[in-house]
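Here are some notes for a colleague who is meeting this structure for the first time. They are set out as numbered points, to be read beside the model.

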Amino acid sequence: MKEQSRTNQDLLLEISLLQRRIKELELSEKEHLRALEALQRSETKFRTLYDSTSDAVLLMDQNSFFDCNDAALKTFGCSTREELCGMHPADLSPFVQPCRTESRVLGDHYIQIALKNGTHRFEWVHRRADTGETFPCDVLLSPMVIDGKTVLQAVVRDITQRKRMEEALLKEMEFNSTLVESSPAFFVAINADRTVRYINDAMLRALKYTPEELKNKDYMALVPESDREMLSGVFSTLITRGQPTLNENRVLTKDGKEILVEWHGRAIKKPDGSLDYFFGVGTDITDRKRAEEALRESEERFHQLFNHMQSGVAVYEAVANGADFVLKDLNRGAELIEGVERKTIIGKRASEAFPGVRDFGLFEVFQRVWRTGETEFFPARLYRDERDHGTWRENWVYKLPNGDVVAVYTDITENKKAVEALKESEEKFRLLFEQSVDPILLIHGNTFIDCNEAAVQFLQLSGREELIGLKPADISPERQPDGRLSSEKAREVIEQASRDGTNRFEWVHRTAGGEDFWVEVSLTVIPIQGKQMLFTVWRNITQRKKAEQALLKAHEDLEFRVQERTAELLGANENLRKEMDERTRLEDQLRQVHKMEAIGTLAGGIAHDFNNILAAVIGFAEMVEDDLPRDGKSTLRIQRVLKAAYRGRDLVKQILAFSRKTDVMRSPLSLSPLLEETVHLLRASLPSTIEIILSMEAASDTVLASPTEVQQIIVNLATNASFAMAEKGGTLGISVTNVDFRPDSPVLSEDVKPGEYVQLAVTDTGHGMEPHVMKRVFEPFFTTKGVGEGTGMGLAVVYGIVKGLNGSVLVESKPGMGSTFRVSLPITRTDEKSKTGKRQAVPRGSEHILFVDDEELLMEWAKDTLERLGYTVTACNDSTEALTLFSSGPYRFDLVIADQTMPKLTGISLAGKILALRPNIPVILCTGHSDSVSPEKAKKAGVKEFLMKPLGRQELASAVRMVLDAGEEQ
């Protein structure tokens, strides 16, 4: 019984313990469920990180990979995970690592280290599975437990770029250190305050300084004053642009000498973006510059000699081992001899360039000279080919060090002809010499060596033998009529003839019978058989001398009567002089008017064609602008083309305005802002040796003008002034002041009204002008500049513009004292109106337009432009064809646009015939320039709108829409 009782107690205890264990298990299960949920969340985060990281992540046991992320597939060039899983790391590696250990052995070793130490990081070389290309990696192995099993996680990062950068940086550091230490180049570091931070030994040696002498020294003290402003600009550019620059400047050595250095510089900045220092690498180019200049001068002398030789020079290159020769170069002398242009025969074989060279015999000389190198003279022979019908030539042929063969030859055809002509001339001379009625003698030195029969008879000699060997003084009286000894005077006139080539004078000779007679002697130097002879001709003027003596006496009688008459005429002459001065002044004014009319006619004559050209440029440029993206570089460039074309259009208008062929749109304009803008542009275009001083003291500077006119005045006057100071430099002064001209003011032109004016004065310190130059300075095409330096139109344009603005332009100048041009323009009290540059929408339409212009480009532009705006366009370049087309269907078209200046039918004539067929058809007339038609005349002829070329798209579209809309309203 007792045993049974104990058993029950034991059972109760076991049941109690079992119930407690059940509760513990229930609690443990809840904790396990919570742990499983946390584990699932953790695994989800891990998988997201695992798949999204950019590094390759792989899971492996001790033998192979069994999982990887997408980055691993991309890194190792695998397409699927199944392709990579099962591989050992050595399977994706070269057989041997850079340390010369097999990849499999070394990989297993690193795996054991990671399992033992808990992690291991190392560098490894892997190979892509698809291309076999190897790449360096950074590998991190970390053990981890998955499902109770220890595995390894491998994180692999491709460090190819880093390795390249490290190697490049290491090489660069080693190279830079060696370069700075041993380079002959200059290295300099300059602090932000422009003090010297570092200068290498090469630069110190060149400047002859020690490091201590330049440490913290102001770097600008090492630069000549004339280069400091430029260098300051370089420093500013380095800071603002942040890009390296290339520049040249001079540097001063310790003893004051200058060396020219070419610098590559850049600004080194701190991490916060502020300037740390400037760094420059320089090269001493002083000797190089001198050598370049000497080489350039040498080459220039050679080319001048080569191209200015009268002899022909041809350079040949041997080909096919001397079997033939190709022409490499030809000088101007050869071009003239051959009658060909160099460019047409260069590169041809000798027999092609000169077909007669083989028959001439020169080809064999080329081959001998090329083989032997010995220079040969090829004597004169007659050369013929299909181009040259026969010229005598002689050649020198020699070989250049580079193997080329050179022929220097001379056309002596004229010499040959001259020899023949000389023989014929000598025969004619001897015939003339003997048969002349005037005495002819030959003098050699101071002695007669020959004479003709007329001289023998003149001197009353028995034969010419009596004269041979005598001197001129031997057949003359002892003294000439002026009292001088005949022997001295004869020697003097002979020496003068020998020096000048000729001499003419009067002389007294004496016959063998003792009779004196006057002769007019002509001495001329001529070469005979290599000797300089005096060809002497006598003309008997004895009777003329007697007549002169009689006239002299009569002259003395008349002189008294002339003096009396002179006194009477003096008074009349004074009155006549005053009248002539007035007439001269009026003639000058008339001449100026004629000149301005002439330049106006010239400007009007070219305006039409030039405006057609500009119209095509503007039109097609606008089309290109529409076709390009708005923010592209090409759009900016085509807009600059348009800007230049519009400037050309304004210039044509300005020329026409200057020539009084058209009116310029003018409005109240303040001169000061425009002057500042123009001077800013001038500073960039004028030489640095010219200083510009601008002074604006005008209280009121508003005039009625266009900006283009005023800028043209300023630029032309400034350009003229800069030319006067081109050699030595100087000061260009530009000032604006107010002046009040009274009716009696001496500086006013006659056609300028008194009143308040703005005076623009342009002064230079140049060489000044002579009075005769200053008088003609405003004449068109008058210039003191050399060929290619100017046209003489600049000041004429200024004169025309100023006169068109009802102003006055005067010039003051003296030689060596510079010049001042004063332009006075009347003040206008109306404030300058502001202009808006808002771009207007281009109106469109769908009507049918007939467009007629004889210029193909303008016809093409108008057709494309109007069709882009929605219109249907029929284009013609023949006015008669357009009339036939319109006649066949007058109601097909809604509008006709015609050019004025066309062959066969002008625009206004075509409009008249079209309006006769259909009176209500709107017509637009276009012209670049025409004296024969005006807007008023066009309106009277029925034309609805009159447009001046060149036209922009906006102007054409607006005119078309306005005319068509007006027709619809009617």
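1. Pro950 has its place in the loop between β32 (945-948) and α28 (953-969), where helices (H or I, at least four residues) and strands (E, at least two) are DSSP runs numbered from the N terminus. The peptide bond that leads from Lys949 to Pro950 is cis, its omega being near 0°.

2. This is a predicted model, in which local features need pLDDT of at least 70 and side-chain atom pairs count only at pLDDT 80 or more, while totals for chains, interfaces and linings use all residues. Residues are numbered from 1 along each chain as its sequence is written, and side-chain values use heavy atoms, with hydrogens and water left out.

3. Lys208, which lies in the loop between α6 (201-207) and α7 (211-214), has a phi near 65°, a positive value in a residue other than glycine. With a relative accessible area of 46%, Lys208 is partly exposed (buried means under 20% relative accessible area, exposed over 50%, and partly exposed in between, with a 1.4 Å probe and protein chains only).

4. Gln460 also deserves a look: its phi is near 60°, a positive value in a residue other than glycine. Gln460 is found in the loop between α16 (453-458) and α17 (486-500), and its relative accessibility of 46% makes it count as partly exposed.

5. Which residues does Leu732 touch, leaving aside its neighbours within four places in sequence? Leu732 is in contact (heavy atoms within 4.5 Å) with residues including Leu686, Ile690, Glu691, Ala721, Met725 and Val762.

6. Helix α20 (residues 671-685) packs against helix α21 (residues 707-724) at an angle of about 45°, and their axes are 10 Å apart; the axes are lines fitted to C-alpha atoms over the stretch in contact, and angles run from 0 to 180 degrees between N-to-C directions. That makes α20 oblique to α21 (under 35 degrees counts as roughly parallel, over 145 as roughly antiparallel, 65 to 115 as roughly perpendicular and the rest as oblique). Among the residues that make the contact are Leu671, Leu675 and Leu682 of α20 and Val710, Ile714 and Ala718 of α21.
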